[in-house]
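Please have the sequence and the model open while reading.

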Amino acid sequence: MTADTVTDVFEEHRSVLMGVAYRMLGRVADAEDVVQDAWLRWSAGERGEVREPRAYLVRVTTRLAIDRLRQAQARHEAYVGPWLPEPMVTDFGPTVPDTAERAVLADSVSLAVLVVLESLSPLERAVFVLREAFGFPYAEIASTLDRSEAAVRQLAGRARKHVEDGRPRYEVDPAERRDLTERFLAAATEGDLAGLMSLLAPDVHLVGDSGGKAKAPLRVLQSADKVGRFLIGAARQGVPGVETYEFRPVEVNGAASVLVLGDGKPDSVLQLDVADGRIQRVYIMRNPDKLVGLTS
């Protein structure tokens with residue numbers, strides 16, 4: 001291959017490689033590092049025997065992600081407060097025109113699924129991502145992981161069951177989510193506790209990720225009363241030194257969300273899970289390290 005061809009082939013598959021790496025790691029910066037390492041190996045390696053560049057690049061990326069995931073798990077164990085994946089702005093646009101395929105991709109990168117994936121072993125996570133998100137055949141996954149096809153099928157079964165047991169048992173309607181998000185913001189910013197409580201499911205959960213670097217609950221809050229009072233209190237107090245706030249709609253991890261700007265800088269990302277006309281889960285990401293990619 002010429003230098004231009006080598007680059008063109010890699011760029012053709014970059015979005016898939018980034019998708020695999022992010023779902024494996026839950027952090028955009030780590031995923032970008034893994035993809036960059038894959039590029040270095042691709043550009044400097046011997047490609048004469050590579051018959052299927054996509055399969056080869058996915059294999060390299062997956063193995064690099066597994067290595068990094070094993071290192072990252074120790075950091076997660078020492079993480080302060082609840083952990084959420086780094087928010088990734090998603091817009092599948094015309095590249096994924098099929099509604100069913102869009103739904104699968106959006107679900108595989110959703111906050112709820114990525115949180116559950118954190119509890120899987122690196123190999124289980126790799127199998128789940130490659131099979132459920134990208135539809136790779138079991139034989140190809142087995143080759144990627146140097147495992148037998150039978151072993152890969154067992155890993156896939158365990159991972160799928162674990163994800164199904166751990167994920168919320170309701171379907172989120174996009175239009176309903178957008179409507180409730182607008183009403184939620186209005187009630188919270190206006191200090192309308194009664195209005196806010198009317199939107200929350202009785203057993204609503206609030207998960208706040210600050211990493212100990214911003215104000216957020218260090219435990220998952222449960223019940224409409226606790227969640228409602230916390231949100232009203234946080235809205236009233238604001239952030240010391242911040243004079244103006246702006247709320248921007250943004251699609252994060254395949255779902256309508258809100259980017260909160262304080263004096264023009266990212267302060268937090270808010271996302272809601274809704275069902276049956278009520279808010280079931282509130283995700284608030286405030287760790288400044290995870291908001292760096294949203295500065296633009």
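T61 lies in helix α3 (residues 53-77); helices (H or I, at least four residues) and strands (E, at least two) are DSSP runs, numbered from the N terminus. This is a predicted model, in which local features need pLDDT of at least 70, side-chain atom pairs count only at pLDDT 80 or more, and totals for chains, interfaces and linings use all residues. Residues are numbered from 1 along each chain as its sequence is written, and side-chain values use heavy atoms, with hydrogens and water left out.

T61 counts as buried because its relative accessibility is 0%; buried means under 20% relative accessible area, exposed over 50%, and partly exposed in between (1.4 Å probe, protein chains only). Leaving aside neighbours within four places in sequence, T61 is in contact with L17, A21, V34 and A38, where contact means heavy atoms within 4.5 Å.

In helix α8 (residues 149-166), the buried residues are V152, L155, A156, A159 and V163. Seen down the axis of α8, these fall within an arc of 100 degrees, so they line one face of the helix; the arc is that of the directions from the helix axis to the C-beta atoms. On the other side of α8, A150, Q154 and K161 are exposed.

Strand β5 (residues 265-275) has nine of its eleven residues buried.

| Pair | Bridges |
|---|---|
| β4 (residues 255-262) and β5 | five bridges |
| β5 and β6 (residues 278-285) | seven bridges |

Note on methods. Two strands pair if DSSP finds at least two bridges between them.
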